[in-house]
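Thanks for asking me to look this one over. My comments are below as numbered points, to be read with the model open beside you.

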Amino acid sequence: MMLTVEPARTPAHRGHIAVGGRVLACAIGRNGVRADKREGDGCTPVGAFPLRRVMYRADRLAAPRTRLPLTIIRPDDGWCDAPDDAAYNRPVTLPNASRAERLWREDRLYDVIVIVGHNDDPVVPGAGSAIFLHVAADGYGPTEGCVTLALPDLLDVLADCGPDSRLNVQSAAV
């Protein structure tokens, strides 16, 4: 299954995902898309990336239907976003000595997270971390580089995803 993200012309953080004959609204990085993604640039990386696994809040919803591996998010789960750390762009346990993003969030945006295989094989320090497909904010607000869908759309898409699924982020139209 290919999930193809096409950025909108305006605003920079909006787009849509074409998947299985459907076209769904999505949000992307606050600064649009970029082929040479850098840590902290607010861009979603351009390219085709495997979907590694799904993490979810079992205290808030049942396990999503999917053929991707599933992991329950725990209160001490984090993701390292410090380029100078050996665990950069990898899961960590919190508290952590380096800078890390908390995955157990109160705002519900990380109730379901799909780990996108960006900058993970091999990891290049500073080339971007924590690129996820996750739940969209109200009004499809901008992300730091992730791709987001409304929760019902995300769950529907995941039902058709398996080990060969890829997130294909297109360049912005000129």
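1. Start with valine 114, whose bridge partner in S12 is leucine 133. As a reminder, this is a predicted model. Strand S11 (residues 112-116) and strand S12 (residues 132-135) run antiparallel and are joined by three bridges.

2. S12 also pairs with strand S13 (residues 147-149), through three bridges, but here the strands run parallel. Leucine 133 turns up again, standing opposite valine 147 in S13.

3. Which residues touch the most other members of the largest nonpolar core? They are Leu3, Ile17 and Leu133, out of 28 residues in that core. Strand S6 (residues 47-56) supplies the largest share of this core, with four residues.

4. Isoleucine 17 is worth a click. Leaving aside neighbours within four places in sequence, isoleucine 17 is in contact with Leu3, Thr4, Val5, Arg22, Val23, Leu24, Cys26, Leu133, Val147 and Leu149. Another core, of eleven residues, lies apart from the largest one and includes Leu103, Tyr110, Ile113 and Ala130.

5. Now to the rings, where the structure holds two aromatic pairs. Tryptophan 79 and phenylalanine 132 are edge-to-face, at 5.3 Å centre to centre with 90° between the planes. This pair links distant parts of the chain, since tryptophan 79 is in strand S8 (residues 77-80) and phenylalanine 132 is in S12, 53 residues apart. Tryptophan 79 is buried with a relative accessible area of 5%, and phenylalanine 132 is buried at 1%.

6. The other pair, tyrosine 110 with phenylalanine 132, is edge-to-face too, at 5.7 Å centre to centre and 85° between the planes. Tyrosine 110 lies in the loop between strand S10 (100-102) and S11, while phenylalanine 132 is in S12, so the pair ties together parts 22 residues apart in sequence.

7. The charged end of arginine 105 sits over the ring of tyrosine 110, 4.4 Å from its centre. Arginine 57 has its charged end over the ring of tryptophan 104, 3.4 Å from the ring centre.

8. Finally, the helix: which residues of H1 (residues 151-158) are buried? Leu154, Val157 and Leu158 are among the buried ones. These three are on the same side of H1 because they cover an arc of only 100° around the axis. In general, residues three or four places apart in an α-helix point the same way, because there are 3.6 residues a turn.

Conventions: Residues are numbered from 1 along each chain as its sequence is written. This is a predicted model: local features need pLDDT of at least 70, side-chain atom pairs count only at pLDDT 80 or more; totals for chains, interfaces and linings use all residues. Side-chain values use heavy atoms; hydrogens and water are left out. Two strands pair if DSSP finds at least two bridges between them. Helices (H or I, at least four residues) and strands (E, at least two) are DSSP runs, numbered from the N terminus. Buried means under 20% relative accessible area, exposed over 50%, partly exposed in between (1.4 Å probe, protein chains only). The arc is that of the directions from the helix axis to the C-beta atoms. A nonpolar core is a set of buried Ala, Val, Leu, Ile, Met, Phe, Trp, Tyr and Cys residues joined through side-chain atoms within 4.5 Å. Contact means heavy atoms within 4.5 Å. Rings of Phe, Tyr and Trp (its six-membered ring) pair if their centres lie within 6.5 Å; planes under 30 degrees apart count as stacked, over 60 as edge-to-face and the rest as tilted. A charge sits over a ring if NZ of Lys or CZ of Arg is within 6 Å of the ring centre and within 35 degrees of the ring normal.
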